[in-house]
Amino acid sequence: MRRVRDTQTLDIFEVPTPVVPAPGSGNYGAQVSELVGAVLKDCPIDRYEVASQMSRLSGDDVSKNMLDAWSSPARTDHNIPFYRVPLIEEVCSSHAFTDWLVHQRGGRVAYGREALAAEYGRRQQMMDQLKADMRKLKQLMGEEA
């Protein structure tokens with residue numbers, strides 16, 4: 001029986017690497033538009049309500065037509081402004097843009113309990129290393145570890 005490699009599940013031990021664009025491939029306009037469309041599609045509220053909430057939070061007018069333009073891969077000249085990304089993520093309860101950008105730069109993001117668990121693990125490693133260093137110092141001083 002032949003094994004099929006799972007390409008969807010992330011390996012937690014794999015070290016992420018930045019995406020290195022080939023010359024001429026660094027224009028992410030279409031990808032950003034598709035990402036806006038995906039976020040809006042997965043959002044539990046409609047585009048009119050998204051626009052309303054973004055307007056309320058920003059104090060500026062954000063219209064449904066702007067959302068439509070930002071989500072159209074054919075209109076990459078109308079990409080979402082960077083300063084609007086946190087708003088759309090907040091309103092749509094998404095981390096898609098953050099995850100995408102961090103992936104482009106070769107990282108991974110942890111949220112909530114996952115972030116706390118990572119910090120706990122990091123500090124546990126520091127503590128283990130400190131204990132090992134202290135044992136070595138005791139040995140050098142001629143005391144039993």
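How many salt bridges does the rule used here count? The count comes to five, where a salt bridge is a side-chain nitrogen of Lys or Arg within 4 Å of a carboxyl oxygen of Asp or Glu. Before going through some of them, a word on what you're looking at. This is a predicted model, so local features need pLDDT of at least 70 and side-chain atom pairs count only at pLDDT 80 or more, while totals for chains, interfaces and linings use all residues. Residues are numbered from 1 along each chain as its sequence is written, and side-chain values use heavy atoms, with hydrogens and water left out.

Let's start with the overall layout. The chain has six helices and zero strands, so from the N terminus on you read α-α-α-α-α-α, given that helices (H or I, at least four residues) and strands (E, at least two) are DSSP runs numbered from the N terminus. Of the 145 residues in the chain, buried ones make up 21%; buried means under 20% relative accessible area, exposed over 50%, and partly exposed in between, with a 1.4 Å probe and protein chains only. As for contacts (heavy atoms within 4.5 Å), take those with a separation of 6 or more: residues 24 or more positions apart account for 58% of them.

Back to the salt bridges. Arg-47 pairs with Asp-68, with the closest N and O atoms 2.7 Å apart. This pair links distant parts of the chain, since Arg-47 sits in helix α2 (residues 47–58) and Asp-68 in helix α3 (residues 64–70), 21 residues apart. Arg-47 counts as partly exposed because its relative accessibility is 27%, and Asp-68 gets the partly exposed label too, because its value is 24%.

Asp-60 and Arg-84 make another bridge, with 3.5 Å between the closest N and O atoms. Here the link runs between loops: Asp-60 is in the one between α2 and α3, Arg-84 in the one between α3 and α4, and the two are 24 residues apart. Asp-60 is partly exposed because its relative accessible area is 39%, whereas Arg-84 is buried because its relative accessible area is 6%.

Then there's a bridge inside a helix. Arg-123 and Glu-119 have their closest N and O atoms 2.6 Å apart. They are four residues apart in helix α6 (residues 112–140), so about one helical turn separates them. Arg-123 is exposed, because its relative accessible area is 53%, while Glu-119 counts as partly exposed because its relative accessibility is 27%. Elsewhere, salt bridges that share partners join Arg-47, Lys-64 and Asp-68 into one network.

Now for a charged residue without a bridge. Glu-89, found in helix α4 (residues 85–91), is buried yet has no salt bridge. The nearest side chain of opposite charge is Arg-84, 14 Å away; Lys and Arg count as positive and Asp and Glu as negative, with His and the chain ends not counted. So what is Glu-89 in contact with, leaving aside its neighbours within four places in sequence? The partners are Ser-94, His-95, Ala-96, Phe-97 and Thr-98.

Ser-93 lies in the loop between α4 and α5. Most residues other than glycine have a negative phi. Ser-93 has a positive phi of about 50° although it is not a glycine. Ser-93 counts as exposed because its relative accessibility is 66%.

Next comes the second largest pocket, with a volume of about 200 Å³. A pocket is an open set of points on a 1 Å grid over the protein atoms alone, where a 1.4 Å probe fits, with protein on both sides within 12 Å along at least five of seven lines; lining residues have an atom within 4 Å of a point. The volume is the space filled by probe spheres set on the points, which are joined across faces, edges and corners. Its lining consists of Val-32, Ile-80, Pro-81, Phe-82, Val-85, Phe-97, Thr-98, Trp-100 and Leu-101. Helix α5 (residues 96–104) gives the most to this lining, with four residues. By class, the lining has eight nonpolar, one polar and no charged residues (Ala, Val, Leu, Ile, Met, Phe, Trp, Tyr, Cys and Pro count as nonpolar, Asp, Glu, Lys and Arg as charged, and the others, Gly among them, as polar).

Finally, look at Tyr-28, in the segment before α1 (29–42). Leaving aside its neighbours within four places in sequence, Tyr-28 is in contact with Pro-21, Trp-100 and Gln-104. Its C-alpha atom is 8.9 Å from that of Thr-76, 48 residues apart along the chain. Tyr-28 is partly exposed because its relative accessible area is 25%.
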